[in-house]
Amino acid sequence: LRCVDRDKTQSALVLGFPSPSRSDPDRFATRVLASIASGLGGRFFEELRDRRSLAYTVHAFGAEYRLAGSFLAYIATAPERESEAREALLAQFAHLRDTPVTQEEITRGKRYMLGMYDIRQASGGAVLGDMIDAWLSGEGLSELTSFQRRIEAVSAADIQRVAGRYFDPGRVVEGVVRGTTAGA
């Protein structure tokens with residue numbers, strides 16, 4: 001755990017887990033999982049912000065690199081609720097490990113991923129960046145035409161398998177920027 005205290009009205013907590021590398025086919029399940037957990041209507045948002053009022057904001061996302069990946073969840077909360085928010089966020093990771101996502105969640109997650117991909121493809125710079133990334137770190141340019149198919153192929157069983165493999169609470173890395181109730 002790395003912690004820094006700041007004269008702020010919020011505490012920011014990040015939990016990170018190892019996840020699939022850039023060359024691992026499980027990265028597609030991780031991407032869909034991130035869209036299921038994050039954003040308006042996502043599992044983390046609904047539970048931690050809407051139901052429990054623990055978060056000002058909550059977000060989950062993955063990062064893929066040549067040899068490894070990371071899956072991160074960020075939550076901003078009141079300093080006095082930091083411990084409760086941490087435990088609730090860890091419980092959400094456990095829930096992903098132990099309980100299959102619903103068909104509605106997986107459909108929404110895939111739709112979001114594919115919509116964001118289509119929007120990204122409207123930028124020539126983004127397309128060029130994707131080409132360079134595929135060429136240097138990925139499977140080659142052919143992967144650019146298989147993205148949609150690979151996202152659509154992700155199943156609820158894939159999501160649970162990946163969550164079970166990577167979201168081990170014994171391997172979590174944490175960082176906190178701890179606010180004070182005095183605020184800035």
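At what angle do α1 and α7 pack, and how far apart are their axes? I looked this up first, in a predicted model whose local features need pLDDT of at least 70 and whose side-chain atom pairs count only at pLDDT 80 or more, while totals for chains, interfaces and linings use all residues. I number residues from 1 along each chain as its sequence is written, and I take side-chain values from heavy atoms, with hydrogens and water left out.

**Entry: α1 against α7**

I found that α1 and α7 pack at about 95°, with their axes 9 Å apart; the axes are lines fitted to C-alpha atoms, for helices over the stretch in contact, and the angles run from 0 to 180 degrees between N-to-C directions. I therefore note α1 as roughly perpendicular to α7, given that 65 to 115 degrees counts as roughly perpendicular, under 35 as roughly parallel, over 145 as roughly antiparallel, and the rest as oblique. Helices here are DSSP runs of H or I with at least four residues, strands are runs of E with at least two, and both are numbered from the N terminus. On the α1 side the contact (heavy atoms within 4.5 Å) is made by A29, T30, V32, L33 and I36, and on the α7 side by D158, I159, V162 and A163. By class I recorded seven nonpolar residues, one polar and one charged, where Ala, Val, Leu, Ile, Met, Phe, Trp, Tyr, Cys and Pro count as nonpolar, Asp, Glu, Lys and Arg as charged, and the others, Gly among them, as polar.

**Entry: α1 against α4**

I then turned to helix α1 (residues 27–37) and helix α4 (residues 103–120), whose axes come within 8 Å and cross at roughly 105°, which means that α1 is roughly perpendicular to α4. From α1 the contact takes R31, V32, S35 and I36, and from α4 it takes E105, I106, R108, G109, K110, Y112 and M113. I recorded five nonpolar, two polar and four charged residues for the contact of α1 with α4.

I also checked how covered α1 is, and 10 of its 11 residues are buried, with buried meaning under 20% relative accessible area, exposed over 50% and partly exposed in between (1.4 Å probe, protein chains only). Among the buried residues of α1 are R27, F28, T30 and L33. Just after α1, G39 takes a positive phi of about 75°.

**Entry: α3**

For helix α3 (residues 82–98) I compared lengths: its 17 residues should span 24 Å at 1.5 Å a residue, and its end C-alpha atoms are 24 Å apart, which agrees; the expected span is 1.5 Å times one less than the number of residues. The buried residues of α3 include E82, L89, F93 and L96, and the buried residues of this helix pack against β2 (11–19), α1, α2 (43–51), β4 (69–77), α7 (156–166) and β5 (173–178).

**Entry: the serines**

Which backbone nitrogen does the side chain of S11 reach? I found that of G179, at 2.9 Å, and I count this as a polar contact (a pair of N or O atoms within 3.5 Å; within protein, one must be able to donate a hydrogen and the other to accept it, and residues adjacent in sequence count only if both atoms are side-chain atoms). S11 is in strand β2 and counts as buried at 1% relative accessibility.

S19, also placed in strand β2, is buried with a relative accessible area of 8%, and its side chain reaches the backbone nitrogen of S70 at 2.9 Å.

S38 lies in the loop between α1 and α2 and is buried, with a relative accessible area of 8%. A polar atom of the S38 side chain lies 2.9 Å from the backbone nitrogen of A60, and, leaving aside neighbours within four places in sequence, S38 is in contact with V58, H59 and A60.

S53, in the loop between α2 and β3 (57–64), has a positive phi near 50° although this residue is not glycine. I noted it because most residues other than glycine have a negative phi.

**Entry: E64**

Last, I looked up E64 in strand β3, which is partly exposed with a relative accessible area of 22%. The E64 side chain makes a polar contact with the side chain of R27 at 3.4 Å, and another contact, of 2.9 Å, joins the side chains of E64 and R31. E64 and P20 are 44 residues apart in sequence and 6.8 Å apart in space, C-alpha to C-alpha.
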